[in-house]
Amino acid sequence: MPSRLASVSASPMLATYAQGAAQSAIQPVADFIAPTVPVGTSIGRYKKYTEKNKFRIPATLRGMGGRATELSFAASDETFNCAPHALDFPVDNLEELESVAGGLESILQEGATLVAEIAGLAHEKAVVDAALTAIGSGDDVDFSGTNDPVDIIDAAILEVIRTAKYGSLMGVGVLFGAAAFRKFKNAPLVRARFVTAGSPAIPNITPEASSSLFLGQPDVRVSYMVYDNAPEGVADDIKFVLDSTVLVFARRAEPTRRDPSFMKTFRLSNNYMVPGSYVRDDGRVEVAKFDWSEDIKVTNSSAAKRKNVA
């Protein structure tokens with residue numbers, strides 16, 4: 001006879017709650033850089049683009065009795081492999097025995113929320129690390145004095161659109177590190193754009209307001225994620241993940257396996273944060289387990305630019 005925890009962890013209610021918690025906990029920056037592509041199998045093919053690939057607009061006119069143009073891709077076929085990921089949430093037998101009616105469900109929902117939040121942070125760090133590795137060191141820029149930060153970003157946006165070779169179908173993302181956005185919003189030539197005759201003060205320059213300054217009004221975000229750069233046992237060395245970096249990249253909010261977005265996260269459809277349970281070897285603790293599969297891929301490294309703000 002299954003235990004109470006096993007019964008609850010197998011219930012559709014907890015599965016629905018866990019997947020909802022997982023979706024809510026996906027860090028906005030991770031999903032911004034590498035949006036999810038739902039796939040039907042853990043291993044499959046996707047298109048990877050380089051500078052040499054050409055996207056050409058095909059002829060769609062078909063003569064009577066003639067053949068239609070077949071879509072073809074100059075990009076190479078690569079393989080994604082949604083590797084297994086998992087986190088466990090232990091529940092002591094005493095805690096299970098002491099729980100009142102409905103209490104165990106609340107404990108497991110708390111565990112699902114905690115697991116989803118930690119998994120989301122780990123995913124965001126992995127996405128940012130992969131992005132920086134793919135783009136490389138980037139270019140040093142200066143937002144001070146007579147240098148125009150808006151024109152610097154505009155030039156990067158046009159270069160990304162040109163390199164992605166998908167024209168107006170391709171969206172663009174601009175991601176500021178925390179220090180980079182501080183320098184951008186306080187740059188003289190940026191603040192001057194928000195001054196109007198008789199205005200008593202310059203309004204707060206938000207990422208949303210910044211979008212209107214750039215060509216094509218791209219999606220603009222700021223990363224505030226931090227991490228401890230110090231090894232175990234040493235005093236904290238807390239740093240921002242991006243800090244003084246600006247990333248400009250091609251993205252589609254709902255990508256496919258074939259479009260030339262910069263990055264994507266492949267995930268098995270309807271299999272994110274699947275709950276279950278097992279009993280620990282000492283018999284005193286029953287563990288609520290949560291499993292999922294994903295693969296983060298850089299699908300078009302040339303469709304992204306990095307600017308390091310001096």
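I started with Ile238, which counts as exposed at 51% relative accessibility. The cut-off for exposed is over 50%, so Ile238 qualifies. The model I am reading is predicted.

**Entry: the surface patch**

I placed Ile238 in strand β9, residues 238–240. I then looked up its patch partners. Ile238 forms a nonpolar surface patch with Tyr224, Val226 and Phe240. Together the four have about 400 Å² of accessible area.

**Entry: the cores**

I found that the largest nonpolar core has 29 residues. Phe176, Phe184 and Val248 have the most contacts inside this core. I listed the elements that give two or more residues to the core: α6 (149–164), β6 (171–177), α7 (178–185), β7 (219–223) and β10 (245–251). Helix α6 supplies the largest share, six residues.

I checked Phe184 by itself. Beyond neighbours within four places in sequence, Phe184 is in contact with Phe143, Pro149, Val150, Phe176, Val190, Ser210, Leu213 and Phe214. I also noted a second, separate core of 20 residues. Its members include Val29, Ala34, Met225 and Val241.

**Entry: Glu294**

Is Glu294 buried or exposed? I read a relative accessible area of 7%. Buried means under 20%, so Glu294 is buried. I located Glu294 in strand β13, residues 285–298.

What does the Glu294 side chain join in a polar contact? I found the side chain of Arg267, at 2.9 Å. Arg267 is also among the residues that Glu294 touches, not counting those up to four places away in sequence.

Technical notes: Residues are numbered from 1 along each chain as its sequence is written. This is a predicted model: local features need pLDDT of at least 70, side-chain atom pairs count only at pLDDT 80 or more; totals for chains, interfaces and linings use all residues. Side-chain values use heavy atoms; hydrogens and water are left out. Helices (H or I, at least four residues) and strands (E, at least two) are DSSP runs, numbered from the N terminus. Buried means under 20% relative accessible area, exposed over 50%, partly exposed in between (1.4 Å probe, protein chains only). A polar contact is a pair of N or O atoms within 3.5 Å; within protein, one must be able to donate a hydrogen and the other to accept it, and residues adjacent in sequence count only if both atoms are side-chain atoms. Contact means heavy atoms within 4.5 Å. Patches are made of residues with over 30% relative accessible area and no salt bridge: like charges are joined within 9 Å, nonpolar side chains (Val, Leu, Ile, Met, Phe, Trp, Tyr) within 5 Å. Accessible areas come from the Shrake-Rupley method with a 1.4 Å probe; for residues, only the protein chains shown count as cover. A salt bridge is a side-chain nitrogen of Lys or Arg within 4 Å of a carboxyl oxygen of Asp or Glu. A nonpolar core is a set of buried Ala, Val, Leu, Ile, Met, Phe, Trp, Tyr and Cys residues joined through side-chain atoms within 4.5 Å.
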